[in-house]
Amino acid sequence: MYQLIEKRASVLHRIREYFDQQGVFEVEVPLLGRSSVTDPHLSAISAQVQQQAHYLQTSPEFFMKRLLAEGSGDIYYLGKAFRNDESGKLHNPEFTMLEWYRTEFNDEALMDDVGALLHHLAPLQVDLQIEHFSYAEVFEKHVGLNPHTATVDELAAIAKQKLDVHFDSEPKATWLDLLFSHLVEKHLQNPTFITDYTECQAALAKVVNTGAYPVAKRFELFWKGVELANGYWELTDAKLQRERFVADNKMREAMGRPPIDIDEKFIESLEKGLPDCAGVALGVDRLMMCLFDENDISHVMPFPSKNL
Amino acid sequence: MASYSTNEFKSGLKVMLDGDPCSIVENEFVKPGKGQAFNRVRLKNLRSGRVWERTFKSGESLEGADVMDVEMEYLYSDGEFWHFMQPDTFEQYQADANAVGENVKWLKEQDKIVVTLYNGSPLAITPPNHVELEIVETDPGLKGDTAQGGTKPATLSTGAVVKVPLFLSIGEVVRVDTRTGEYLGRAAK
């Protein structure tokens, strides 16, 4: 236990050191908020505070964007986030998240920033070979289809051929998530940035037209087959953002999940003007798994949920 | 029978799948940060013994299977059925050739065997990890040849054939690992 505490403390210290050197401010934002995200695949933990419904935040994103709209400049958050119904070798309902925003950065510049942080954290003897692939490149290589142009039926057919699955009539994103997580992730052993996601996986990222098809300016970082970070060249258009939230709630309804009231204060801040920026969230416990060579998140946490 | 959701899937849980009772071997939660959650589950079909992997969407559920493992005493075989008895209730069960399967070659009368009951009938049996059986047939033993590593086949009282060291002869009792079919040593006298 002493060793784990020492190693965790050192990583947390080095993260703060990196951002201090970069002139990025650490911010604290509420863990208990009045709203939550509409993301159909996230379930927030709800709490009653003075007879009012609150949620433990699934990420500091909306509060941080409100600060950015107020003119905070570059900021980072290093602290806890909570997600209900997530538990396993790579998941703990309460976990440590690092999230940061860089104004004037696009997704490319932010990936360089993430890479620089990794180099700052990796032990000196480790020579990190950071790789870059587009989502389409790795998907075609390991699944055999172009994820942008493949139809839902083609994706479902190949999933059923390669895996034993018995669900059906799923949206395109579900088949992409299934195939990517089961057939692609394990091959991403070096620190690898995956860029340019399909339009249906955009979430809060800008979508741009590249010619053949639109791509979402979103990236993820994988290391040792583990998803570590998710970043966006941020959508700053309040109207588009509201449309995506409404679409999320429609999907939640179809999935039998309760709809979530749209965070109007967040939309207001977008209307007021979110500066052009890129942001990324990184799972710190998973990063520690990679740095300490552990294969279970509970091995890097002093108090994993099964040990409370 | 109760039904179980993916987050209740634990190693050892017995569920119904495609009409067959299955046992959950391992349940791995897989979720992209911004995507659909899945459970990648290793299952063992208790009827065929096949182990394979199926992926569920998190939240899907399966019927529980009425499957129980009960330790029983092996009594005898009448040629068609193998008879077992629950020692505390004296209740007897008969298992057919499908249920005893390959494990028939380790069945010695009065040994304690785990019988897997499905809806009250024997579905499969599991012999003890180690059994002691008498050699009934093997080439003559070579006395004093204990140093060399050579082996020879020996047929045991239950019909199992295992490789034993050259110095062993008919009538001796040996310990065997039923999971690997390997000779472990001479039984303590």
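Predicted model: local features only at pLDDT ≥ 70, side-chain atom pairs only at ≥ 80, totals over all residues.
Colleague: Over to chain B, then. What kind of pair do B:Y74 and B:F84 form?

Modeller: Theirs is a tilted aromatic pair, 5.4 Å from centre to centre with 50 degrees between the planes. B:Y74 is in strand 7 (residues 67-77) of chain B and B:F84 in strand 8 (residues 82-85) of chain B, so the pair ties together parts that are ten residues apart in sequence. B:Y74 counts as buried at 6% relative accessibility, and B:F84 does at 0%.

Colleague: Which residues do ring pairs link into a cluster?

Modeller: That would be A:Y135, A:F139, A:F180, A:Y197 and A:F222.

Colleague: Changing topic: what is the strand order in the open sheet of chain B?

Modeller: The order is 2-3-4-5, four strands with antiparallel pairing. Strand 2 (14-17) and strand 5 (51-57) of chain B are at the edges; each has a single partner strand, so one side of each is left without a neighbour in the sheet. From one strand to the next, the twist averages 45 degrees.

Colleague: How many bridges hold strand 2 and strand 3 of chain B in their pairing?

Modeller: Four bridges, in the antiparallel sense, with strand 3 covering residues 20-30 of chain B. Within that pairing, B:K14 stands opposite B:S23 in strand 3 of chain B.

Colleague: Which helix packs on the sheet?

Modeller: Helix 6 (residues 172-184) of chain A does, touching strand 3, strand 4 (38-45) and strand 5 of chain B. The helix direction makes about 65 degrees with that of strand 4 of chain B.

Colleague: So what is chain A made of, in helices and strands?

Modeller: Chain A has nine helices and twelve strands. Its radius of gyration is 19 Å, close to the 19 Å that the globule rule gives for 308 residues, so chain A is as compact as a globular protein of that length. The C-alpha trace of chain A spans about 50 × 50 × 40 Å along its principal axes.

Colleague: How many of the 308 residues of chain A count as buried?

Modeller: 55% of them. As for the surface, chain A exposes about 14200 Å², and carbon and sulfur atoms supply 50% of that.

Colleague: Last one: what is phi like at A:K224?

Modeller: Near 55 degrees, which is positive in a residue other than glycine. A:K224 lies in the loop between strand 10 (214-223) and strand 11 (226-233) of chain A, and is partly exposed at a relative accessible area of 33%.

Colleague: And B:N119, what about its phi?

Modeller: B:N119 is not a glycine either, yet has a positive phi of about 50 degrees. B:N119 lies in the loop between strand 10 (112-118) and strand 11 (121-126) of chain B.

How values were computed: Residues numbered from 1 in each chain as written. Chains lettered and ligands numbered in written order. Heavy atoms only, no water. Pairing = 2+ DSSP bridges. Helix = DSSP H or I, 4+ residues; strand = E, 2+ residues; numbered from the N terminus. Axes fitted to C-alpha atoms, helices over the stretch in contact; angles between N-to-C directions. Contact = heavy atoms within 4.5 Å. Rg over C-alpha atoms; globule rule 2.2 N^0.38 Å. Buried < 20%, exposed > 50% of the residue type's maximum accessible area, 1.4 Å probe, protein only. Areas by Shrake-Rupley, 256 points an atom, 1.4 Å probe, with all protein chains shown as cover. Phe/Tyr/Trp six-rings, centres within 6.5 Å; stacked < 30°, edge-to-face > 60°.
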